[in-house]
Amino acid sequence: MPSQALVYARPSSRTAAYLDFLQMLTGVGLILFMWSHMILVASINLGPEAMNALAKFLEDTYMAQTGGPFIGVAFLLHFVLAARKLPFRSLEQKAIWQHSRRLHHLDTWLWVIQAGTAMIVLIMGSIHIWTILTDLPITAAKSAARIQGGFWLVFYMILLPMIELHVGIGFYRIGVKWGIIKRSNRPFYERLENALTLGFLIIGAVTLYTFYNLAF
Ligand code: HEM
């Protein structure tokens, strides 16, 4: 039974709907950013000149300097909005675990994976954004040196699958929640989600391999 104070503090259903909508908007924005980010970073596969030219363009037009902090804020806002539904207390965690095992449904497990990866992405993503934005300009040589140092290679080998799972499942769940994915087209979107996740994992792995082997 919730305490009286909690009942009074509960937002109206209209506020809850606006917050859900904002959560979806920040999620869509971050998914689009992440897809673009992976493709931009993958420009290193075309050679250091291609990556340097892109980075210079983003900095000359101030897109990196203004867009970077903007992404950082969207990232935090998205977490705060999503945290309304996350089970932080051990009793809540026990309940969601028992429900997931009992329901034995793929979408419930996808939610559990998304909540778990969210924590890792929040911490590692913030460290990564801070590291890159406090060491501008972005150059192929600096990125390669970071990755060849070893620490960042391992860091990205963990962050890459975490963010791709989070983004792929997020894309699918937004579709289900907002009625785009229905019972009839669900198998198609499940396959699309798997293909996107796998595709970006391959692009990311190839990019890391290229950075690791780049000689200057
Ligand atoms: C402010 C925005 C961001 C900028 C400017 C940025 C920039 C970069 C750069 C330059 C690299 C190349 C490696 C390096 O230099 O160390 C990189 C790699 C990477 N970034 Fe970001 N990043 C941003 C946000 C994010 C976010 C929010 C995530 C996920 C939470 C992320 C995940 C990754 C991953 C997984 C890699 C490894 C790439 C790969 O495997 O191909 N980045 N990023």
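Biologist: How far is an oxygen atom of the ligand from an N or O atom in the side chain of Ser143?

Modeller: This is a predicted model, in which local features need pLDDT of at least 70 and side-chain atom pairs count only at pLDDT 80 or more, while totals for chains, interfaces and linings use all residues. Residues are numbered from 1 along each chain as its sequence is written, and side-chain values use heavy atoms, with hydrogens and water left out. A polar contact is a pair of N or O atoms within 3.5 Å; within protein, one must be able to donate a hydrogen and the other to accept it, and residues adjacent in sequence count only if both atoms are side-chain atoms. For the side chain of Ser143 and an oxygen atom of the ligand, the distance is 2.6 Å.

Biologist: Which residues come nearest to the ligand?

Modeller: A residue is near a molecule if one of its heavy atoms lies within 4 Å of it, and 22 residues are found around the ligand. This shell divides into 14 nonpolar, seven polar and one charged, where Ala, Val, Leu, Ile, Met, Phe, Trp, Tyr, Cys and Pro count as nonpolar, Asp, Glu, Lys and Arg as charged, and the others, Gly among them, as polar. Those that come nearest are His37, His128, Ser143, Arg146 and Tyr156.

Biologist: Which helices each supply at least two residues of the shell around the ligand?

Modeller: Helices (H or I, at least four residues) and strands (E, at least two) are DSSP runs, numbered from the N terminus. The secondary structure of the chain comes to nine helices and zero strands. Of the helices, those that each supply at least two residues of the shell are α2 (13-41), α6 (106-133), α7 (140-148), α8 (151-177) and α9 (186-213).

Biologist: What share of the residues of the chain counts as buried?

Modeller: The C-alpha atoms of the chain fill a box of roughly 65 × 35 × 30 Å, taken along the principal axes. Buried means under 20% relative accessible area, exposed over 50%, and partly exposed in between, with a 1.4 Å probe and protein chains only. Of the 216 residues of the chain, the buried share is 36%.

Biologist: Which residue's side chain makes a polar contact with the side chain of Thr207?

Modeller: Thr207 is found in helix α9 and counts as buried because its relative accessibility is 5%. Contact means heavy atoms within 4.5 Å, and, leaving out residues up to four places away in sequence, Thr207 touches Val41, Ala42, Ile44 and Asn45. The polar contact between side chains, at 3.2 Å, is with Asn45.

Biologist: Which residues does Thr197 touch, not counting residues up to four places away in sequence?

Modeller: Thr197 also lies in helix α9, and at 11% relative accessibility Thr197 counts as buried. The residues that Thr197 touches are Glu164, Leu165 and Gly168.

Biologist: What is the angle between the planes of Trp97 and Trp109?

Modeller: The structure holds ten aromatic pairs, in which rings of Phe, Tyr and Trp (its six-membered ring) have centres within 6.5 Å, with planes under 30 degrees apart counted as stacked, over 60 as edge-to-face and the rest as tilted. Trp97 lies in helix α5 (residues 90-103) and Trp109 in helix α6, so the pair ties together parts that are twelve residues apart in sequence. Trp97 is partly exposed at 45% relative accessible area, and Trp109 is partly exposed at 25%. The pair is edge-to-face, with 5.3 Å from centre to centre, and the angle between the planes is 80°.

Biologist: Where is Pro137, whose peptide bond from Leu136 is cis?

Modeller: The peptide bond from Leu136 to Pro137 has omega near 0°. The place of Pro137 is the loop between α6 and α7.

Biologist: Is His104 buried or exposed?

Modeller: His104 is found in the loop between α5 and α6, and its phi is near 50°, a positive value in a residue other than glycine. With a relative accessible area of 64%, His104 is exposed.
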